[in-house]
Amino acid sequence: MKNIKYLIVGIFFGIAFVKAEIISWFRIQEMFQLTSFHMYGVIGTAVMVGMISVFVIKRFNIKTFGGDAIIIEDKKFNKGQIIGGLIFGVGWAITGACPGPLFAQIGSGFGVVTITLLSAIAGTWVYGKVAGKSPDQSE
């Protein structure tokens, strides 16, 4: 019951996705065909909000509600990120769904997206099984 706040925030987030039309397969196809700015505007806005938020957190030493320091570590580049990004992008283009909008799409009645959700879960499971067993990609 203590996690009900996350459910409520998730519902409002899903409503925002639906109203902004970012769960629309057609909007996603427009983005990949470079025929509409709509999705690039949404993604660009999200990136800018994230950049400003990280800047403010670091600049003013903002802490969590529990009083703990927020530590944002630098990320190390890995060649596998390019391959993973390409796989993610191809999957996004084919299915018209990425992990964020999946639940909003299902909640909007697009039941076929359940296959995409199950595929995402399977991919995460496979990654969990092979992570750490593959050779280091950072060279």
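A word on conventions. Residues are numbered from 1 along each chain as its sequence is written, and side-chain values use heavy atoms, with hydrogens and water left out. Because the model is predicted, local features need pLDDT of at least 70 and side-chain atom pairs count only at pLDDT 80 or more, while totals for chains, interfaces and linings use all residues.

I start with helix α5, residues 99-107, and helix α6, residues 113-130. Helices here are DSSP runs of H or I, at least four residues, numbered from the N terminus. The α5 and α6 axes lie 9 Å apart, at an angle of about 150°. Axes are lines fitted to C-alpha atoms over the stretch in contact, and angles run from 0 to 180 degrees between N-to-C directions. The two helices are therefore roughly antiparallel, a label for angles over 145 degrees. On the α5 side, the contact (heavy atoms within 4.5 Å) uses Leu-102, Phe-103, Gln-105 and Ile-106. On the α6 side it uses Val-113, Thr-114, Thr-116, Leu-117 and Ala-120. Six of these residues are nonpolar, three are polar and none is charged.

Next, helix α2, residues 25-32, and helix α4, residues 79-95. Their axes come within 8 Å and cross at roughly 130°. That makes α2 oblique to α4; oblique covers what is left after under 35 degrees (roughly parallel), over 145 (roughly antiparallel) and 65 to 115 (roughly perpendicular). From α2, Trp-25, Ile-28, Gln-29, Met-31 and Phe-32 meet Gly-89, Trp-92, Ala-93, Ile-94 and Thr-95 of α4.

Now the core. Which residues form the largest nonpolar core? There are nine: Phe-17, Ile-22, Ile-23, Ile-28, Met-31, Met-39, Trp-92, Cys-98 and Ala-104. A nonpolar core is a set of buried Ala, Val, Leu, Ile, Met, Phe, Trp, Tyr and Cys residues joined through side-chain atoms within 4.5 Å; buried means under 20% relative accessible area, exposed over 50%, and partly exposed in between, with a 1.4 Å probe and protein chains only. Leaving aside residues up to four places away in sequence, Ile-28 touches Ile-22, Met-39, Trp-92, Gly-96 and Ala-97.

Ile-43 sits in helix α3, residues 38-59. At 34% relative accessibility, Ile-43 is partly exposed.

Last, two loop residues. Glu-21, between α1 and α2, is not a glycine but has a positive phi of about 65°. Asn-61, between α3 and α4, is also not a glycine and has a positive phi of about 50°. Asn-61 is exposed, at 57%.

Notes. Ala, Val, Leu, Ile, Met, Phe, Trp, Tyr, Cys and Pro count as nonpolar, Asp, Glu, Lys and Arg as charged, and the others, Gly among them, as polar.
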